[in-house]
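Okay, thanks for coming, everyone.

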Amino acid sequence: MAHYAYLNEDNIVVTVTVGKDETELIDGLDTETYYAQGTPYTVKRTSYNNKIRKRFASIGDTYDAVRDAFINPEPAGATGFDEDTCSWIVPHSDDA
């Protein structure tokens, strides 16, 4: 079982679904291409274990093609961005 994020024209995740493992071809197509057929969306594989595209995609995240990563919206109070994890840096209240 694998998970797939559907991206709109702005690379924003609009939904995440369960599908076949990415190692399988479906009707001769890779899974991302297969699941995108007949939709207005681009489809990208995502993973709960963060080994694929830095983090599990959530609705509202942006897919960054240069980093090949899903990035959540910048939260209030963010003080920076960690390029290694592709996540926002938000100080904890006890760090202030």
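Let's begin with Tyr4: with a relative accessibility of 0%, it counts as buried. By buried I mean under 20% relative accessible area, with exposed being over 50% and partly exposed in between, using a 1.4 Å probe and protein chains only.

Some housekeeping before I go on: this is a predicted model, so local features need pLDDT of at least 70 and side-chain atom pairs count only at pLDDT 80 or more, while totals for chains, interfaces and linings use all residues. Residues are numbered from 1 along each chain as its sequence is written, and side-chain values use heavy atoms, with hydrogens and water left out.

Now the rings. How many aromatic pairs does a search of the whole structure find? It finds 6. To count as a pair, rings of Phe, Tyr or Trp (its six-membered ring) need centres within 6.5 Å; planes under 30 degrees apart are stacked, over 60 edge-to-face, and the rest tilted. Tyr4 and Tyr35 have ring centres 4.9 Å apart and planes at 45°, so that pair is tilted. Tyr4 sits in strand S1, residues 2-7, and Tyr35 in helix H1, residues 31-36, so the pair ties together parts 31 residues apart in sequence. Helices (H or I, at least four residues) and strands (E, at least two) are DSSP runs, numbered from the N terminus. Tyr35 is buried too, at 18% relative accessible area.

Next pair: Tyr6 and Tyr41, with centres 6.2 Å apart and planes at 85°, so this one is edge-to-face. Tyr6 is in S1 and Tyr41 is in the loop between H1 and strand S3 (42-46), so the pair ties together parts 35 residues apart in sequence. Tyr6 is buried, with 11% relative accessible area, whereas Tyr41 is partly exposed at 32%. Ring pairs also link Tyr4, Tyr34 and Tyr35 into a cluster.

So, on to S1 itself. Is S1 mostly covered or mostly open? Mostly covered, with 6 of its 6 residues buried. On one side you have Ala2, Tyr4 and Tyr6, and on the other His3, Ala5 and Leu7, all of them buried.

What does S1 pair with? Strands pair if DSSP finds at least two bridges between them. S1 runs antiparallel to strand S2 (residues 13-19), joined by 6 bridges. Across that pairing, His3 stands opposite Val18 and Leu7 opposite Val13. The hairpin of S1 and S2 has 5 residues between the strands, and Asn11 there takes a positive phi near 65°. S1 also pairs with S3, again antiparallel, over 5 bridges, and here Tyr4 stands opposite Arg45.

Last topic: the cores. A nonpolar core is a set of buried Ala, Val, Leu, Ile, Met, Phe, Trp, Tyr and Cys residues joined through side-chain atoms within 4.5 Å. The largest has 7 residues: Ala2, Tyr4, Tyr6, Ile26, Tyr35, Ala36 and Val43. S1 and H1 each supply at least two residues of this core, and S1 gives the most, with 3. Apart from it lies another core, of 6 residues, including Leu7, Val13, Tyr63 and Phe70.
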